[in-house]
Amino acid sequence: QVQLVESGGGLVQPGGSLRLSCAASGSMLRINAMGWYRQAPGKQRESIATITNGGRTNYADSVKGRFTISRDNAKNTLYLQMNSLKPEDTAVYYCSVSTDPYRIKYDTWGQGTQVTVSS
């Protein structure tokens with residue numbers, strides 16, 4: 001089992017920045033990929049950034065060039081640096097990991113952290 005705890009959300013003005021953190025604990029060797037998802041009111045949860053154990057990253061078009069995903073394996077922590085934030089980035093942001101030994105499948109979730117972009 002892996003446990004995930006997000007932090008770093010809050011209220012920010014358009015054009016501002018935030019950094020989200022996700023502290024992971026438990027069966028760390030089971031993790032083969034990590035990622036950030038978000039869910040805005042009335043919308044489905046969407047993948048916005050992922051990173052494999054090999055360091056390969058992938059971003060949704062909506063955040064490419066503005067958001068950066070990274071991980072510190074020594075601290076078992078995943079980060080999401082968010083710059084040039086827009087009102088449409090307002091959502092609950094979730095950290096997730098893949099623990100399926102045969103494929104990348106995001107199956108473990110944190111509790112979420114609210115990000116609100118508003119003036």
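Reply: A nonpolar core is a set of buried Ala, Val, Leu, Ile, Met, Phe, Trp, Tyr and Cys residues joined through side-chain atoms within 4.5 Å. Buried means under 20% relative accessible area, exposed means over 50%, and partly exposed is in between (1.4 Å probe, protein chains only). This is a predicted model, where local features need pLDDT of at least 70 and side-chain atom pairs count only at pLDDT 80 or more, while totals for chains, interfaces and linings use all residues. Residues are numbered from 1 along each chain as its sequence is written, and side-chain values use heavy atoms, with hydrogens and water left out.

Me: What makes up the largest nonpolar core, and which residues have the most contacts inside it?

Reply: That core holds 29 residues, and the ones with the most contacts inside it are Trp-36, Phe-67, Ile-69, Leu-78, Leu-80, Met-82 and Tyr-93. Two or more residues come from each of β1, β3, β4, β5 (46–52), β7, β8 (77–82), β9 (91–98) and β11 (113–117). Those labels are DSSP runs numbered from the N terminus: strands (E) need at least two residues, helices (H or I) at least four. As background, nonpolar side chains tend to be buried together in soluble globular proteins.

Me: Is Val-115 buried or exposed, and how do you know?

Reply: Val-115 sits in strand β11. Its relative accessibility is 0%, so Val-115 counts as buried. Contact means heavy atoms within 4.5 Å. Beyond its neighbours within four places in sequence, Val-115 touches Gly-9, Gly-10, Leu-18, Leu-20, Met-82, Asp-89, Thr-90, Ala-91 and Tyr-93.

Me: And what does Phe-67 contact, leaving aside its neighbours within four places in sequence?

Reply: Its partners include Arg-38, Ile-48, Tyr-59, Leu-80, Met-82 and Tyr-93. Met-82 in β8 is also the bridge partner of Phe-67.

Me: What makes β7 and β8 a pair?

Reply: Two strands pair if DSSP finds at least two bridges between them. β7 and β8 run antiparallel and are joined by six bridges, so they pass that cut-off. β1 and strand β3 (residues 18–26) pass too, as six bridges join them and they run antiparallel.

Me: Which order do the strands of the open sheet have, and what makes some of them edge strands?

Reply: The open sheet has four strands in the order β1-β3-β8-β7, with antiparallel pairing. β1 (2–7) and β7 (67–72) are the edge strands, since each pairs on one side only. Neighbouring strands are turned by 15° against each other on average, direction ignored. The axes behind that angle are lines fitted to C-alpha atoms (for helices, over the stretch in contact), and angles run from 0 to 180 degrees between N-to-C directions.

Me: On to the rings. Why is the pair of Tyr-37 and Tyr-106 called what it is?

Reply: Rings of Phe, Tyr and Trp (its six-membered ring) pair if their centres lie within 6.5 Å; planes under 30 degrees apart count as stacked, over 60 as edge-to-face and the rest as tilted. By this rule there are two aromatic pairs. Tyr-37 and Tyr-106 have ring centres 5.7 Å apart and planes at 65°, so their pair is edge-to-face. Tyr-37 is in strand β4 (residues 33–39) and Tyr-106 in strand β10 (residues 106–109), 69 residues apart. Tyr-37 has a relative accessible area of 13%, so Tyr-37 is buried; Tyr-106, at 17%, is buried as well. The other pair, Tyr-37 with Trp-109, is edge-to-face at 4.8 Å centre to centre and 70° between the planes. That pair ties together β4 and β10, at positions 72 residues apart in sequence. Trp-109 has 33% relative accessibility, so Trp-109 counts as partly exposed.

Me: How do you know where the charged end of Arg-45 sits?

Reply: A charge sits over a ring if NZ of Lys or CZ of Arg is within 6 Å of the ring centre and within 35 degrees of the ring normal. The charged end of Arg-45 sits over the Trp-109 ring, 4.6 Å from its centre. Arg-45 also lies over the face of Tyr-94, at 3.8 Å from the ring centre.
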